[in-house]
Amino acid sequence: MRTRYGLNLAMLLALTAPAWPQAAQTPETQMGAALHQKRVTGNLQTAIDGFRKVLATKGVSKSLAAQAQFHIGVCYEKLGNKEARKAFENVVRNYGDQKDLVAQARARLAAMGGPVSSSPHAKLLWDDSRGYFHTISADGRYVAFPDYVTIPAR
């Protein structure tokens, strides 16, 4: 009788086990699953969704988040999607302390052509070719010039 009771309990547990809630996955296991989708199965859209889950996970390390963002860019690049540029720019802009990934992201942005948005560049804000008597402040925020309209003629 005892054996039968033990066997029935084991069968009951085996049948109900799939209905038990799954334990919350860690960001590392989510990253591994997304990398598996990218590298092994070649399902890039599912991999992108997996990397986005890693980014959305509470308490994810900055290093792991940077890797996930970089791999999103790689997946988009393989798909031929223009979102790749945004993903790589996000790596450069938000994860500057991850030197290797930032260098790789910059290289991929350079290969895509066009300026890298986070690199310093000159931008013409004002061009007054008419006047010779203006001065721009040292910080570039102000322009001083004589107002010939309100100065009385002598």
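Reader: How many aromatic pairs does the structure hold?
Author: The structure holds one aromatic pair; rings of Phe, Tyr and Trp (its six-membered ring) pair if their centres lie within 6.5 Å. This is a predicted model, in which local features need pLDDT of at least 70 and side-chain atom pairs count only at pLDDT 80 or more, while totals for chains, interfaces and linings use all residues. Residues are numbered from 1 along each chain as its sequence is written, and side-chain values use heavy atoms, with hydrogens and water left out.

Reader: Which rings are they, and how are the planes set?
Author: The rings belong to F70 and F88; their centres are 5.5 Å apart and their planes are at 55°, so the pair is tilted. Planes under 30 degrees apart count as stacked, over 60 as edge-to-face and the rest as tilted.

Reader: Where in the chain do they sit?
Author: F70 is in helix 4 and F88 in helix 5, 18 residues apart, so the pair links distant parts of the chain. Helices are DSSP runs (H or I, at least four residues), numbered from the N terminus.

Reader: Are F70 and F88 buried or exposed?
Author: Both are buried, meaning under 20% relative accessible area with a 1.4 Å probe, protein chains only.

Reader: What else does F70 touch?
Author: Besides F88, F70 touches V91, L101, Q104, A105 and R108, not counting residues up to four places away in sequence. Contact means heavy atoms within 4.5 Å.

Reader: Which residues have the most contacts inside the largest nonpolar core?
Author: M31, F51, F70 and F88 do, in a core of 27 residues. Such a core is a set of buried Ala, Val, Leu, Ile, Met, Phe, Trp, Tyr and Cys residues joined through side-chain atoms within 4.5 Å.

Reader: Which helix gives the most to it?
Author: Helix 4, with nine residues.

Reader: Changing topic. Where is H71 found, and what does it touch?
Author: H71 is found in helix 4, residues 62-79. Leaving out residues up to four places away in sequence, H71 touches M31, L35, K38, R39 and F51.

Reader: Why does H71 count as buried?
Author: Because its relative accessibility is 12%.

Reader: With which side chain does H71 make a polar contact?
Author: With that of K38, at 2.8 Å. A polar contact is a pair of N or O atoms within 3.5 Å; within protein, one must be able to donate a hydrogen and the other to accept it, and residues adjacent in sequence count only if both atoms are side-chain atoms.

Terms used:
Helices (H or I, at least four residues) and strands (E, at least two) are DSSP runs, numbered from the N terminus. Buried means under 20% relative accessible area, exposed over 50%, partly exposed in between (1.4 Å probe, protein chains only).
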